[in-house]
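Please look over the sequence and the structure below.

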Amino acid sequence: MPDRNPNPAAPARAAAAPRGEPMSELDRTGRQPKGHLVLRTLAMPRDTNPSGDIFGGWILAQMDVAGGLMASEISKGRTVTVSVEKMSFDKPVRVGDTICVHAELLRVGSSSMDIKLEVWARQLVDAYEAERQLVTEGVFRYVAVDENRRPRRVPDNPLFFTRD
Ligand SMILES: CC(C)(COP(=O)(O)OP(=O)(O)OC[C@H]1O[C@@H](n2cnc3c(N)ncnc32)[C@H](O)[C@@H]1OP(=O)(O)O)[C@@H](O)C(=O)NCCC(=O)NCCS
C-alpha cells in the first residue's frame, strides 16, 4: 500500500528502552526485542486450525490489539487501523507458547502514527525454552479519529514524541 504521507509533519523520537524480559535471553541471532512490551499472552488450543497449528490471523490480531493500545495512548483517544505493511511469518507459533508483542513508535504525521510491532515467542508450557524467537514483525499505521470517525490531529505527547 503506498505511503500517502511522504513528508510527515514531525518525525517521532525513538521510544524508550525495551522493558519486560531479562537482557540475557537473546535469540539465536543475538537480536533483542525493540520497543515497549505492550502485550503478553498464551497461544491456546482454541487459536489453532484443524491441523493444530496456530492461525496467522490470531497473531495479526494480537499485533493489532497491541498497536491500537499504544496508538490510543499516544494520541489520547480513539484510533483506527488504516494500513499494514507487507509481512511474513518466519517462525511457527505452537500451542503453549507465550507471545510477546513489542511496539515502537516510528513516525507521527498529522493524524497518523506508524508503529513497528514485533512478535516474539517462547515455549513455557510442557517444555520450558528460555530462548525466544522473532516470529514476525510489521509496521501498522493508525489514524487518530474523533467521535465522528474523522481524522483528528495527534496532540503533542512528550511521553512518546516531540514535534520539531
Ligand atoms: C482512516 C480514515 C478515517 C482516513 O480517512 P481519509 O478520508 O482517508 O482521511 P485523510 O485523507 O485526511 O487521511 C488521514 C491520514 O490517514 C492516512 N491514510 C489514509 N488512507 C491511508 C492508506 N490507505 N494508507 C496509509 N495511510 C493512509 C493519510 O496519510 C493521513 O495521514 P496524516 O494525517 O498523518 O497526513 C478512513 O480511511 C477510514 O475510516 N478507514 C477505515 C479504518 C477502519 O475501519 N479500520 C479497521 C478495519 S476493520
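Where is the place of Lys76? This residue lies in the loop between helix H1 (56-75) and strand S3 (79-84). The model is predicted. Residue numbers start from 1 along each chain.

**Helix H1**

- H1 is built from 20 residues. From its first C-alpha to its last it reaches 28 Å, close to the 28 Å expected at 1.5 Å a residue.
- The buried residues of H1 are Ile59, Gln62, Met63, Ala66, Gly67, Met70, Ala71, Ile74 and Ser75.
- An α-helix has 3.6 residues a turn, so residues three or four places apart point the same way.
- What do the buried residues of H1 pack against? Their partners are S2, S3, S4, S5 and S6.
- After H1 comes Lys76, with a positive phi.

**Strand S4 and its partners**

- S4 covers residues 97-108 and is mostly covered, with 9 of its 12 residues buried.
- Strand S2 (residues 36-42) pairs with S4 in the antiparallel sense, over 6 bridges.
- Strand S5 (residues 112-123) also pairs with S4 in the antiparallel sense, here over 11 bridges.
- How many residues lie between S4 and S5 in their hairpin? There are 3.
- Ala103 ties these pairings together on the page. In S4, Ala103 is the bridge partner of His36. Ala103 also stands opposite Leu117 in S5.
- In a regular strand the side chains alternate between the two faces of the sheet.

**Residues with positive phi**

- Most residues other than glycine have a negative phi.
- Lys76 is one of them, with phi near 55° in a residue other than glycine.
- Is Lys76 buried or exposed? Lys76 counts as exposed, because it has 12 C-beta neighbours inside 10 Å. The cut-off for exposed is 12 or fewer.
- Arg149 has a positive phi of about 65°, although it is not a glycine.
- Arg149 is placed in the segment after strand S6 (133-144).
- Arg149 is exposed, because 10 other C-beta atoms lie within 10 Å.

**To recap**

- The buried residues of H1 pack against strands that include S4, and S4 pairs with both S2 and S5.
- Lys76 is exposed and follows H1. Arg149 is exposed and lies in the segment after S6.

Notes
Predicted model: local features only at pLDDT ≥ 70, side-chain atom pairs only at ≥ 80, totals over all residues. Helix = DSSP H or I, 4+ residues; strand = E, 2+ residues; numbered from the N terminus. Buried ≥ 20, exposed ≤ 12 C-beta atoms within 10 Å, placed from the backbone. Pairing = 2+ DSSP bridges. Expected span 1.5 Å × (residues − 1). Contact = placed C-beta atoms within 7 Å.
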